[in-house]
Amino acid sequence: MGATTVKWIGSKQFVGIDSTNHSVVLSSVADGVGMKPSDMLLIALASCTAIDVIDILAKKRIPLSSLEIVTSGEQDADPPWTFRKIHVKYRLSGQGLTEKAVAQAIELSEQKYCSVTATVRGVAQVTTEFEILHSEN
Amino acid sequence: MQNTKTAKLVWEGNGLAFAATGGSGYSMRFDNPSGPKGASPMEVVAMAAGGCTAADVIDILRKKRQDVTGFEVNVVGLRSSEHPMVFTEIDLEYVVRGRSIDPKAVERSIELSLTKYCSVNSMLQHSVKINSRYRIIEEAQPEPAAA
């Protein structure tokens with residue numbers, strides 16, 4: 001992994017720049033101009049497992065037509081506000097999608113491929129659930 | 001008592017690009033590492049770690065009345081080569097620019113952030129070795145009171 005940089009732009013506001021020059025504005029909630037770092041952690045986890053699930057289902061020849069993931073985290077009330085529980089809810093649709101295929105894809109991501117989940121699992125308990133949306137046809 | 005926080009990620013429908021919104025309502029885009037549309041998930045973790053400790057350190061330095069004129073945190077993560085390719089080490093380099101910055105204040109701010117306040121690092125610390133170092137760059141000229 002290349003170097004990422006977080007640059008101060010005033011008050012508690014920062015620009016994060018990754019190794020391939022994608023940028024994101026970060027700030028405290030009070031400053032209100034960008035993402036909160038702890039929100040970014042939940043989002044990183046969601047995007048990591050999303051990539052796995054799309055890939056795994058595509059390999060099973062079940063292309064998705066939509067995917068949405070909601071992650072919720074419970075943090076300690078005191079500093080450093082560590083997340084103790086993270087729940088990941090997948091809502092997805094696609095022709096030929098079965099409960100079994102989705103459950104397998106999520107399990108593989110969780111147990112084997114998702115680096116963000118693997119990195120935080122020792123501290124937070126990560127749980128999952130999914131819902132298959134049936135399109136009107 | 002615990003606080004709950006929610007974030008939502010929506011796949012944009014082709015490739016591996018996503019739009020994500022955090023609990024505070026701000027959004028960002030993601031992509032797989034080779035994609036052009038957004039940052040990769042593990043780099044976002046690195047930026048979250050950098051942003052979290054950066055906010056603490058700048059806050060503490062200002063409370064200590066340090067005359068900081070510029071500040072950045074460079075984050076490099078080392079990952080294992082086997083799946084799930086977790087972080088094994090994260091290097092944080094704090095670069096503080098300013099006038100007569102006290103190195104002890106910088107050291108103390110970093111220590112307080114990493115041991116006490118930074119939530120993202122508290123999530124990583126159990127499995128990742130976090131290395132920190134800092135550089136102070138002296139601002140050459142005091143700024144005139146009025147331009």
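Start in chain B: strands β4 (residues 67-79) and β5 (residues 87-99) run antiparallel to each other and are joined by 12 bridges. Bear in mind that the model is predicted.

Now the whole sheet. It is open and has six strands, ordered β3(A)-β2(A)-β1(A)-β4(B)-β5(B)-β6(B). The pairing is mixed. At the edges stand β3 (23-27) of chain A and β6 (129-138) of chain B. Each has a single partner strand, so one side of each lacks a neighbour in the sheet. From one strand to the next, the twist averages 20°.

A helix of chain B packs on this sheet: α1, residues 41-63. In chain A it touches β1 (3-10), β2 (13-17) and β3. In chain B it touches β4 and β5. The direction of α1(B) makes about 150° with that of β4(B).

In total, 63 residues of chain A are in contact with 63 residues of chain B. On the chain A side, the elements that give two or more residues are β1, β2, β3, α1 (37-59), β4 (66-76), β5 (83-93), α2 (99-113) and α3 (115-120). The largest share, 14 residues, comes from α1(A). By class, this side of chain A has 35 nonpolar, 18 polar and 10 charged residues.

W11(B) lies in strand β1 (residues 2-11) of chain B. Is W11(B) buried or exposed? It is buried, because 23 other C-beta atoms lie within 10 Å, and the cut-off for a buried residue is 20 or more. Neighbours within four places in sequence aside, W11(B) is in contact with A50(A), I54(A), S66(A) and L67(A), and with F18(B) in its own chain. R29(B) is 18 residues away from W11(B) in sequence, and their C-alpha atoms are 9.9 Å apart.

Last, the domains. Chain B is divided into domain 1 (1-39) and domain 2 (41-138). Taken over C-alpha atoms, the centres of these two domains of chain B are separated by 23 Å.

Methods
Residues are numbered from 1 along each chain as its sequence is written. Chains are lettered from A and ligands numbered from 1 in the order in which they are written. This is a predicted model: local features need pLDDT of at least 70, side-chain atom pairs count only at pLDDT 80 or more; totals for chains, interfaces and linings use all residues. Two strands pair if DSSP finds at least two bridges between them. Helices (H or I, at least four residues) and strands (E, at least two) are DSSP runs, numbered from the N terminus. Axes are lines fitted to C-alpha atoms, for helices over the stretch in contact, and angles run from 0 to 180 degrees between N-to-C directions. Two residues are in contact if their C-beta atoms, placed from the backbone, lie within 7 Å. Ala, Val, Leu, Ile, Met, Phe, Trp, Tyr, Cys and Pro count as nonpolar, Asp, Glu, Lys and Arg as charged, and the others, Gly among them, as polar. Domain bounds come from an automatic or database domain assignment. A residue is buried if 20 or more other C-beta atoms lie within 10 Å of its own, exposed if 12 or fewer, and partly exposed in between; C-beta atoms are placed from the backbone.
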